[in-house]
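Please keep the sequence and the coordinates at hand while reading.

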Protein chains: 2
Amino acid sequence: MKKLEDLQAIIGEAVSKLSYPLYPAALYGPISYILSLGGKRMRPALLLMACDLFGGDIDAAISPALAIEVFHNFTLMHDDIMDNAPLRRGHTTVHERWNKNAAILSGDVMLIEGYKLMMQVEDRLLRPILDIFNNTAVGVCEGQQLDMEFENLSNVNIDEYLEMIRLKTAVVLGGALKIGALIGGADIKDADLLSSFGEHLGLAFQLQDDILDVYGDPEKFGKQVGGDIISNKKTYLLIKALELANDEQTNKLNNWIDLKHFDNTEKVSAVTAIYNSLNVRQYAEDAMQNYADKAFDALDAINLPEDHKQYLRDFADGLLVRES
Amino acid sequence: MKKLEDLQAIIGEAVSKLSYPLYPAALYGPISYILSLGGKRMRPALLLMACDLFGGDIDAAISPALAIEVFHNFTLMHDDIMDNAPLRRGHTTVHERWNKNAAILSGDVMLIEGYKLMMQVEDRLLRPILDIFNNTAVGVCEGQQLDMEFENLSNVNIDEYLEMIRLKTAVVLGGALKIGALIGGADIKDADLLSSFGEHLGLAFQLQDDILDVYGDPEKFGKQVGGDIISNKKTYLLIKALELANDEQTNKLNNWIDLKHFDNTEKVSAVTAIYNSLNVRQYAEDAMQNYADKAFDALDAINLPEDHKQYLRDFADGLLVRES
């Protein structure tokens with residue numbers, strides 16, 4: 001089995017070889033630009049990994065893997081407009097470097113280019129793979145819409161939040177694995193199980209992200225501790241805390257949320273204290289473990305040699321214990 | 001052969017039956033809204049017409065025809081954001097009624113929904129039809145990009161202008177006809193010829209539009225005479241005039257273009273006088289006739305019974321002599 005890093009390198013190389021017309025420059029320039037900004041290439045690497053696991057030729061999976069990466073970067077280009085983000089991976093976003101119209105239209109072309117790449121599969125797989133791609137793509141758009149709406153809602157509940165992160169981040173992991181599995185020769189049952197593994201692992205990973213923001217070791221985690229608290233991001237922890245809080249705790253939380261000027265450390269420390277008193281970390285870890293269990297259950301049921309499953313377990317363990 | 005009006009009515013009925021999820025409302029609401037604003041449904045009707053001409057069952061072409069209509073409305077939704085347009089078919093645009101982010105994301109979903117509809121063809125046609133759809137879609141985006149760029153350029157030449165209108169408006173007519181022809185059972189040669197007919201007819205129609213803006217009967221044309229002149233729109237007439245003008249005429253034209261406050265009638269009359277002195281109407285009509293000839297040449301070469309070709313000739317004549 002090929003190592004994840006090797007698969008990521010293969011994708012990195014293939015991305016660098018993608019070429020687009022030079023004219024109109026403002027239409028195609030942003031595509032080459034955003035693709036050159038790097039990233040972990042995790043989604044396309046997972047697609048190759050799935051193909052490899054089922055004994056497929058990964059060369060046959062490279063174009064569809066690129067499709068997933070181009071699609072992902074299309075969503076980033078449009079999300080950055082919607083979020084008014086100035087930076088993406090430390091570089092100026094497309095709508096800032098060019099303009100919003102260029103970012104809208106280049107994103108549109110990227111989505112089409114994603115389809116063109118995804119179509120580079122053998123005929124018998126064309127329809128099933130495009131069906132998966134369509135559903136994945138619609139799911140990601142629905143997730144982004146819910147994410148934007150939740151920013152302005154005070155009464156999001158846990159189920160709505162979980163559905164949002166499932167759509168926005170987990171569905172594409174499941175979709176990439178399923179497409180890779182089919183190209184690798186898996187039957188639909190195993191492809192579905194691998195997809196379920198990926199989707200639940202993605203949910204667990206996202207919840208871990210919420211937990212690490214508050215409780216992670218900043219040196220290992222590489223982000224500012226409490227960044228989500230400072231920006232009032234609706235995470236599992238905040239939503240659960242608002243659900244469990246008594247009147248006094250609710251008032252305190254809402255006061256911190258409404259405050260325009262505050263000391264970052266003080267806010268993080270005060271909100272974390274409320275989280276601790278409500279034990280929300282434990283709820284989040286239970287939910288995360290629940291998704292991880294579902295991921296491993298799906299994995300166990302796949303018809304693959306034991307060492308192949310162990311490879312996936314090791315991959316999942318690597319993702320889920322980044323910190324502690 | 002079915003009448004164009006009947007085909008348009010079939011599409012209108014099918015569009016009204018398209019249904020989208022109720023949630024998230026701000027994602028799917030704009031899709032139902034823009035599709036409900038009407039329009040002539042010309043592109044999808046042409047797709048059905050092509051299928052009918054080759055003896056196909058138009059029921060098999062309805063989903064792909066809807067795909068073309070959904071795709072067209074996706075481009076309108078995004079174009080309206082880029083153009084800051086307040087109205088579309090007399091109604092508030094999506095980005096004004098909802099907001100820009102909703103219009104971006106709903107448009108993205110519409111493009112995906114377009115692919116889903118376009119995939120509802122028999123397996124043997126799936127790849128060729130999606131290839132046509134991809135190329136059409138990329139062409140339309142390139143055309144929109146060039147159109148936006150040309151607004152801010154003073155030195156657009158005629159060839160660039162013709163390529164822009166080809167991409168922005170003619171390619172999709174050719175694409176719709178080609179897809180319909182293939183569904184109807186045409187071989188690739190005839191489908192290509194019909195596509196060429198549609199693309200050249202589209203170019204001729206667009207040039208006629210430029211001419212009618214200045215020289216059309218306002219009662220028959222239904223638009224303000226000289227609207228393009230008032231808004232400094234780069235039409236064939238303006239570009240050709242700037243190409244042919246001597247220094248004095250160039251200065252006069254540029255003065256009118258730069259003037260911020262002016263009397264509409266006075267500007268239209270002065271610019272039209274320059275057009276007349278340079279005979280640009282004749283150039284435009286020659287170019288239009290040239291494209292019409294190419295359209296009819298392609299038509300003549302199609303392997304169809306004579307009465308079917310006459311149907312297409314009548315259709316083209318109806319499009320091209322709206323006025324005089």
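Helices in this account are DSSP runs of H or I with at least four residues, numbered from the N terminus. The model is a predicted one. By that assignment, B:D52 is found in helix 3 of chain B, which covers residues 42–53. The relative accessibility of B:D52 is 13%, so this residue counts as buried, the limit being under 20%. Its side chain reaches the backbone nitrogen of B:K2 at a distance of 2.8 Å. Apart from neighbours within four places in sequence, the contacts of B:D52 are B:M1, B:K2 and B:I58.

B:Q144 belongs to helix 7 of chain B, residues 123–151. With a relative accessible area of 2%, B:Q144 is buried. When residues up to four places away in sequence are not counted, B:Q144 touches B:D79, B:M82, B:D83 and B:K168 within chain B, and A:L105 in chain A.

The contact between the chains may now be taken as a whole. It brings 38 residues of chain B into contact with 39 residues of chain A. The area buried between the two chains is about 3600 Å², and carbon and sulfur atoms give 68% of it. Between chain B and chain A there are 12 residue pairs in polar contact, counting pairs with both residues at pLDDT 80 or more. On the side of chain B that touches chain A, the elements that give two or more residues are helix 2 (25–36), helix 4 (62–82), helix 6 (100–118) and helix 7 of chain B. Helix 7 of chain B gives the most to this side, with 16 residues. Sorted by class, the side of chain B that touches chain A holds 24 nonpolar, five polar and nine charged residues.

How many salt bridges are found across the interface of chain B and chain A? The rule finds two. In a salt bridge between B:R127 and A:D123, the closest N and O atoms are 2.8 Å apart.

Over all chains, a search of the whole structure finds 32 salt bridges. Within chain A, A:E122 pairs with A:R124 in a salt bridge whose closest N and O atoms are 3.3 Å apart. A:E122 is partly exposed, at a relative accessible area of 45%, whereas A:R124 counts as exposed at 55% relative accessibility. Elsewhere in chain A, salt bridges link A:E163, A:R166 and A:E199 in a network.

A:R313 takes part in salt bridges with A:D300 and with A:E306. In the salt bridge with A:D300, the closest N and O atoms are 3.0 Å apart. This pair links distant parts of the chain, since A:R313 lies in helix 16 (residues 306–320) of chain A and A:D300 in helix 15 (residues 280–301) of chain A, 13 residues apart. In the salt bridge between A:E306 and A:R313, the corresponding distance is 2.8 Å. A:R313 counts as buried, at 17% relative accessibility.

The buried residues of helix 16 of chain A are A:H308, A:K309, A:Y311, A:L312, A:R313, A:F315, A:A316, A:L319 and A:L320. What covers these residues includes helix 1 (4–17), helix 3 (42–53), helix 9 (188–215) and helix 15 of chain A.

Helix 15 of chain A also contains A:Y283. A:Y283 is partly exposed, with a relative accessible area of 35%. Leaving aside neighbours within four places in sequence, A:Y283 is in contact with A:Y236, A:K240, A:L244 and A:L278. From C-alpha to C-alpha, A:Y283 and A:L237 are 8.3 Å apart in space, while 46 residues apart in sequence.

Definitions and conventions. Residues numbered from 1 in each chain as written. Chains lettered and ligands numbered in written order. Predicted model: local features only at pLDDT ≥ 70, side-chain atom pairs only at ≥ 80, totals over all residues. Heavy atoms only, no water. Salt bridge = Lys/Arg side-chain N within 4 Å of Asp/Glu carboxyl O. Buried < 20%, exposed > 50% of the residue type's maximum accessible area, 1.4 Å probe, protein only. Contact = heavy atoms within 4.5 Å. Buried area = accessible area lost by both parts, 1.4 Å probe. Polar contact = N/O pair within 3.5 Å; in protein donor to acceptor, adjacent residues only side chain to side chain. Nonpolar A, V, L, I, M, F, W, Y, C, P; charged D, E, K, R; others polar.
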